[in-house]
Each structure stands twice: as structure tokens, then as C-alpha cells.
Amino acid sequence: MIDFELTPEQKEAVETAHKVAEEIFRPISRYYDEHEHESPKELIDKLWEKRREGGSFVGLDTIAALRTEEICWGDAGLYLCAPSPGLGGAAIFATGTPEQMQRFLGNYNEGGPKWGAMAMTETGCGSDTSAITATAVLDGNEWVINGEKIFVTCGKRAMEDSEGLVVVWATVDKSAGRAGMKSFVVPAGTPGARVEKMEKKLGIRASDTVTIVFDNCRIPFENILGSPEVRKIDKTGTAGFKKAMATFDATRPIIAAQALGVGRAALDFVKETLEKEGIKIRYGLPRYKLTALERDVMDMEANYKAAKLLTLRAFSLMSQMLPNSLEASMAKAKAGLAVTKITQKAVEIMGPLGYSRKCLLEKWMRDAKINDIFEGTGQINMLVVARRVLDFSREQLK
Ligand SMILES: Cc1cc2nc3c(=O)[nH]c(=O)nc-3n(C[C@H](O)[C@H](O)[C@H](O)COP(=O)(O)OP(=O)(O)OC[C@H]3O[C@@H](n4cnc5c(N)ncnc54)[C@H](O)[C@@H]3O)c2cc1C
């Protein structure tokens, strides 16, 4: 049985993270939204110190989910600036060997701040990951990677600003389709890997999003995550693609937790503002007796809570090393949609105040949408859920 009552340890983690979000993230939230590409150096140094004191190098348990939500309640863009192995680390955690975890992530609390990134998307390859054109060719005891990856979150910080790493997806055999897709760890400073264009974005503007070009980039054979063999393992999936899916099982709940933070920020703001104006939400009345405003707020809360329960379930299964593909996609699809709806409704309810830059509501609306896009769009995650619930193959339900 999974019990979502918070333990005293979890409650303490939430309280500490909330304090950090309120006192450190919120006060600089607007500044870094308006100064895109400027690095929040002081924040990074502070967070790095905390990370070094904290010890563990990867957390994918319920506490990690709760902390992520709290920090993103503070600011989701700045959260993505926090030095950590990030999505690259999650990919290594999900698909690497214990030796690789130690080799790539073991030093993540040492030296200066470090970041990790994951590069899958290309100009012609987003939702349809089988369209990957980047290649990895074995030459002696090295892989030679060629290709261009776009929209890599934290790519600059991982590859230029620190001794970080990027997990890059490439095909070792184009003719094998999904079975040929493999992931490789490319450490910062590897010749042939260079960061290009930084994106200018709608939301999460403090986070860096870049293009990375791999031009005859050579990495040791041992940097491949999973087996180098190209072999079909069943009629619907393939070995290579299953690794990608295992990565998503770890990363999608993280995005869901980020979404929860932004959604709750908007929800809290609306409720506090209404309370200050003396407007009470009358819980427990039949729906026909409620005002439209009360119904709206209750819908927002119901969406937030449903997304939260799904997210905690996905994390809980993951921390017990149990399969969570269905739950990860459910959490991501629900949370991505919920945060988009909640923040839009919040702006609507607050009217001009919501739209004005005087408060952060309009920013949260902009920060929300990305959660419905990266790590699989809402549509793609719903497709995954439908396939799993109906027991349909990829070919049967596209
Ligand atoms: C700020 C930002 C950060 C990002 N960070 C990263 C990162 O760190 N690493 C990385 O690899 N990528 C990253 N991405 C890329 C992101 O994962 C992709 O944008 C996303 O997967 C969608 O791919 P696409 O943009 O090619 O859209 P497309 O796949 O072209 O989809 C366009 C639209 O069609 C819909 N659609 C597509 N196929 C179907 C279908 N079969 N059924 C129904 N609807 C469908 C989609 O849901 C979407 O609405 C980032 C993107 C952004 C904007």
C-alpha cells in the first residue's frame, strides 16, 4: 500500500525548501525573468554550498518530489539554474550501471558548481524520437558522435560553464530504427562538442536552453549507457528505445513536480488575494449554490491535487525501483495540463492585476506552458497512457 501522509522527515524537508523558495528564489524572480541569459551567480553559489552540505548526488524519491515542488513555487526558471546532474543525471540513474553512476555522478558534490543536461531533440526530431539523425560510430575503442541537438536545457551551464556532462541520444544503426537508438555520456570539455545559439524564450527565462553541435566528437567506448548491441526484444519495442523510455520514466515525474510548484504558486496567490478582499470560498456546499468564482477555485484545487497524487505515486514507485511508465506519463500529462489551466484561470480571476507585471502571476502563466511540452508533450503522454491502459502497441495506436 502506498501512503501519502507526510512523515516528520518529509514535512521538515518541505518546510526547509519552502523557506529557501520564499527567501532566496522569490525576491530575485522578476529580475532574472527580465534579464534573460544573465547568470544568477549568487544564487548558484548558495545552492552549490547547500548541495555540498547535503551529500547525496541524485534524489528521485518522494522527498525529491516535494522539494522540487516547493522550489518551483519559488521560481521554476531559477530552479533549472540550480547546479545538479539534472536530466542527464536522471538518464544515467535510470539506465547506467553502478560503475557509470559512480564515475559520472560521484563527483557531483565536489569542486565548483556542476550541471548535467540531456540532448535528444533535433530540428527534425521531437515527439517522434525514431527520427534521430545524430550518429555514433564505433572507431576502435571510441564512439565518434556527429549531429546537432537543439533546445538542450542547461546545455551551456553543463558544457561551457562547468565540468558537467550531457547525455546525448544518437543512432548506431539507422536501418534498425528505434533499436539503433543509444545514449552516450559526453563530458564537458570533450573536443568536438560545442555550444551554439542560446534560445530566447516565453517562460523559464532564467534557464539556459541551447543548441549543441557534435562534430567528430570522440568519447570512450565505456560512455555508452546500456548495451551497444542492436537487437529487437519484442514486437512493439526495442532495446535502444526501451532505454529512452526508462529515462522518461525518471524524468517525467520530475517535470510533473516542477509543474505542481508553479500551479500552487498561482493558486496560493489567488486564495490569499481573495482572502484579503474578504472573499471566502465556501467548501461543502452543493455545486448549484456556489458562485462561479468558488467553482473556479475549487476546480483549480481539484486539478492541482489530482496532479499531485499522480506525481507522488510515480515518484513512490520509482524510489522502490518498481515499473512506473504508466504513472510517470499520467503524472506528466495531468500536471502539464493542470498547471496551464490553473495559471490561466488565475490570471483571468485577478483581471488586470493578473496581467500586470506588478505581481508574478503573468510570469507563472508563461512559466507554466513548458511543463506541457518538454519530456513528451501532453498529447504524447496521453498517447502513452492510452496505449498502456488499452494494451495497444505503438503500431496499433499512433
Ligand atoms: C524550453 C525548452 C526546453 C527543452 N529542453 C529539452 C532538453 O533538455 N532536451 C531535449 O532533448 N529536448 C528539449 N526540449 C524539446 C522538447 O522536448 C520538444 O520540443 C518536445 O518533445 C516536442 O517536440 P517538437 O518540438 O519537435 O514538436 P513536434 O513533435 O513537432 O509536435 C508538435 C505538436 O504536435 C503534437 N503531436 C506530435 N505527434 C503527435 C501524435 N502522434 N499524436 C498527437 N499529437 C502529436 C505535439 O504534441 C505538439 O503539440 C525543450 C523544449 C523547450 C521549448
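So, how many nonpolar, polar and charged residues does the shell around the ligand have? Keep that in mind for a moment. What you see above is a predicted model.

Okay, the answer: by class, the shell has ten nonpolar residues, seven polar ones and two charged ones. That makes 19 residues surrounding the ligand, and the closest are Thr121, Ser127, Phe151, Thr153 and Thr377.

A polar backbone atom of Met118 sits 2.8 Å from a nitrogen atom of the ligand. Then there's Met120, where a backbone N or O atom is 2.7 Å from an oxygen atom of the ligand. For a side chain, go to Gln379: one of its polar side-chain atoms is 2.8 Å from a ligand oxygen.

How much of the ligand does the protein cover? On its own, the ligand has 970 Å² of accessible area, and the protein covers 65% of that.

Right, on to the helices. Take helix H1, residues 8-34, and helix H12, residues 361-368. Their axes are 11 Å apart, and they pack at an angle of about 70 degrees. Angles of 65 to 115 degrees count as roughly perpendicular, so that's what we call H1 and H12. The crossing there is left-handed.

H12 has another partner to look at: helix H10, residues 325-350. The axes of H10 and H12 come within 8 Å and cross at roughly 155 degrees, which makes the two roughly antiparallel. This crossing is left-handed too.

Technical notes. Residues numbered from 1 in each chain as written. Predicted model: local features only at pLDDT ≥ 70, side-chain atom pairs only at ≥ 80, totals over all residues. Heavy atoms only, no water. Near = heavy atom within 4 Å. Polar contact = N/O pair within 3.5 Å; in protein donor to acceptor, adjacent residues only side chain to side chain. Areas by Shrake-Rupley, 256 points an atom, 1.4 Å probe, with all protein chains shown as cover. Nonpolar A, V, L, I, M, F, W, Y, C, P; charged D, E, K, R; others polar. Axes fitted to C-alpha atoms, helices over the stretch in contact; angles between N-to-C directions. Helix = DSSP H or I, 4+ residues; strand = E, 2+ residues; numbered from the N terminus. Parallel < 35°, antiparallel > 145°, perpendicular 65-115°, else oblique. Left-handed = near helix turned anticlockwise from the far one by under 90°.
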